[in-house]
Amino acid sequence: MNARGRTVLMGRAVAGAGFLALLAFALPDAAPAQTGGRITGTVTFVGTLPEDPPHKTKKDQEVCGATVPSETYLIGANKGIKNVVLTVEGPPAQQTAAKAVLDNNKCHFVPHVQAVVAGTEIEVRNSDPVLHNTHSYLDKRTVFNLALPLQGQKIRRKLSKPGIVEVKCDAHDWMRGWIVVREHPYFGVSEANGAYRIENVPPGKYKLTAWHEALGSVTKEVTVPAVGTVQVDFQLRKR
Ligand SMILES: [Cu+2]
């Protein structure tokens with residue numbers, strides 16, 4: 001219940017029975033507090049659809065299969081692009097104690113792309129009965145390098161430094177994943193239809209960047225309202 005509703009309720013209760021008014025006043029607000037605006041939109045692809053053939057596997061085919069689908073260009077019927085990371089540039093940094101998962105599953109990374117706040121602890125898993133060696137890089141420097149010889153194995157690592165972390169597997173050269181580490185929680189990742197949403201952004205003027213692993217980055221200006229939604233759509237094309 002918002003303050004206005006509470007006042008109305010109180011007014012009615014005072015007209016009827018005084019103790020009801022006190023009761024109504026003591027009730028906590030049911031509606032969640034609005035702490036900022038929302039940015040929504042859609043990321044679509046423009047141009048001729050790029051070829052994106054599956055990767056031919058050269059080993060561990062009993063687990064990986066003969067091919068593993070490429071996940072570089074996940075473009076839907078409406079040309080919506082999945083796995084684009086949208087980030088608000090400028091809000092103050094804040095570390096977190098969040099958790100995330102990166103799974104080696106049927107010889108690809110799940111999820112293929114994810115975005116986390118700096119300070120997040122990521123659990124790297126091996127769901128396959130083969131050796132994976134998950135090796136991640138930030139600006140060509142190793143972030144973590146984990147041998148996972150056993151099915152069911154889990155190793156946790158903290159991601160402290162913001163940036164775009166590329167993940168590879170030293171055992172399977174086709175495996176590729178991305179962990180986008182941001183300074184604050186004001187980001188979103190587009191879904192299969194290209195739609196994204198970023199919640200509770202502090203009101204203000206910002207730059208908003210859309211990043212895709214192969215299509216690069218596009219930046220737009222956005223003014224986020226104190227309450228309500230602003231729509232920002234992006235179009236990405238092959239460079
Ligand atoms: Cu592997």
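Strand S5 (residues 99-105) runs parallel to strand S8 (residues 120-126), and six bridges join the two. Strands pair if DSSP finds at least two bridges between them. Within this pairing, Asp103 lies opposite Arg125 in S8.

The model is predicted: local features need pLDDT of at least 70, side-chain atom pairs count only at pLDDT 80 or more, and totals for chains, interfaces and linings use all residues. Numbering starts from 1 along each chain as its sequence is written.

S5 and S8 belong to an open sheet of four strands, ordered S6-S5-S8-S11, with mixed pairing. Strands S6 and S11 stand at the edges with a single partner strand each, so one side of each has no neighbour in the sheet. From one strand to the next, the twist averages 25°. Angles run from 0 to 180 degrees between N-to-C directions, with axes as lines fitted to C-alpha atoms.

| Strand | Residues |
|---|---|
| S6 | 108-110 |
| S11 | 154-159 |

Overall, the chain has three helices and 19 strands. These are DSSP runs numbered from the N terminus: helices are H or I with at least four residues, strands E with at least two.

Of the 239 residues, 31% are buried, meaning 20 or more other C-beta atoms lie within 10 Å of a residue's own, with C-beta atoms placed from the backbone. The largest nonpolar core holds 45 residues. Such a core is a set of buried Ala, Val, Leu, Ile, Met, Phe, Trp, Tyr and Cys residues joined through C-beta atoms within 7 Å. Val85, Leu86 and Ile179 have the most contacts inside the core.

Note on methods
A residue is buried if 20 or more other C-beta atoms lie within 10 Å of its own, exposed if 12 or fewer, and partly exposed in between; C-beta atoms are placed from the backbone.
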